[in-house]
Amino acid sequence: MAKKLPDGLHIDTLAVRAAVDKSQFGENSEALYLTSSFVQPDAATAARRFANEEEGYIYSRFTNPTVTSMEQRLAAMEGTEACIGTSSGMAAILLMCMGLLKSGDHVICSQSVFGSTIKLIAGEFGKFGVESTFVSQTDVAQWQAAVKPNTKLLFAETPTNPLTEVCDVRALADIAHAAGALLAVDNCFCSPALSRPVEMGADLIIHSGTKYLDGQGRVIAGAICGPKKLIDDKFVPVMRSAGMTLSAFNAWIVLKGLETLSIRMQAQSANALALATWLEVQPQVARVHYPGLASHPQHALAMRQQTINGQGGGGAVLSFDIKSTDVQDARRKSFHVIDCTQVMSITANLGDTKTTITHPATTSHGRLTEAQRQAAGIGQGLIRVAVGLEFIDDLKADLQRGLDSLT
Ligand SMILES: *Cc1c(COP(=O)(O)O)cnc(C)c1O
């Protein structure tokens, strides 16, 4: 029989140990239950399980033991009572909004969150009569000023993509709670290995498991972590009827990814700091955006909110501006630096052990107008690097090749 884990275990221990009980075979690595339904011992048990009067697996759109293991492990690491896995990070935000909001409710959201999040909240939920206000990532007074009597949810993400702006989670939690609203934080960039927003007052944590939780760029997955009552009452029923379910296979990949999350975040954060520090002194580079640098405008706040083993960690995403004379020159030079890489992958994903490099102005932020991009600080000379696990000197050389050959 499975041993019961003692209380008070460290996140690194929970990352490899928290899961559902082992099967009758006593497998050491958690099993993958690829089954759409579960056989019921008799009709009366089936009836009780369908009526929620007895625990037990029924059908994998509702629950699956592999998904439950992933949920238990991620909840343990985030320090929340419960977690519900979803088919993607966007599905987690969809499930959260469907569970919490109705027509006439109001959401306050950072204007710097993931682009699809803005489209989902303003566009799709706007169609159903949910109001939204988008405010500065860093100016707490704007969040306070946006509060209305019908405000139900504040939504933030920290640090942001690609400029790594940091928001003050504690201050936003205080504003939300004074307004009788909830604060949800998209913790995709930090992961629980670097930051646990519930310890700073956040109510709900959103994850794209696609990023650091898998960590090796294999699957699309997501999750919401939070209080058990909220998840049971607000999200489980929506999941059962709407079906944005995490597949057992993808859950298993994320479950295994979580085992190395902490050690990957430490190594990738250290690599990112070394690369950012090096980029900052390159003559062709105008500016580096990375929370781990003393030059970052919210460096002190970031180091308070993001810690690994007691030390501040900047995370693994950075961006930098190439020096240029005008918009065309900026784009030409950025494309050159990107095209000169031979190790880094030109792809929009992040959170992978493989370093990725992108030109945000023509990819992730390509649908904005030039004026909107300028306002957001995402110029044609900006390059984003999501730093992986390659040896640091190889990464420097990969960027140096393009920087040194700029004309
Ligand atoms: C990628 C991402 C999402 C969406 O996740 P998917 O798994 O791609 O749906 C949400 N938030 C942030 C911060 C992300 O980087």
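Student: Before we start, what counts as a salt bridge here?
Tutor: A salt bridge is a side-chain nitrogen of Lys or Arg within 4 Å of a carboxyl oxygen of Asp or Glu. Bear in mind that this is a predicted model, where local features need pLDDT of at least 70, side-chain atom pairs count only at pLDDT 80 or more, and totals for chains, interfaces and linings use all residues. Residues are numbered from 1 along each chain as its sequence is written, and side-chain values use heavy atoms, with hydrogens and water left out.

Student: OK, how many salt bridges does the rule find across the interface of domain 1 and domain 2?
Tutor: The domain assignment, automatic or from a database, gives domain 1 as 11-259 and domain 2 as 262-404. Their centres, taken over C-alpha atoms, are 27 Å apart. Across their interface, the number of salt bridges found is 0.

Student: Then how many residue pairs are in polar contact between domain 1 and domain 2?
Tutor: A polar contact is a pair of N or O atoms within 3.5 Å; within protein, one must be able to donate a hydrogen and the other to accept it, and residues adjacent in sequence count only if both atoms are side-chain atoms. With both residues at pLDDT 80 or more, the count between domain 1 and domain 2 is 13.

Student: Is Asn64 buried or exposed?
Tutor: Asn64 sits in the loop between helix 2 (43-50) and helix 3 (65-78); helices are DSSP runs of H or I, at least four residues, and strands are E runs of at least two, numbered from the N terminus. Its side chain makes a polar contact of 3.0 Å with that of Ser60 and reaches the backbone nitrogen of Thr66 at 2.8 Å. Buried means under 20% relative accessible area, exposed over 50%, partly exposed in between (1.4 Å probe, protein chains only). Asn64 has 1%, so it is buried.

Student: And why does Gln111 count as partly exposed?
Tutor: Gln111 is in the loop between strand 2 (106-110) and helix 5 (115-127). Gln111 counts as partly exposed because its relative accessibility is 47%.
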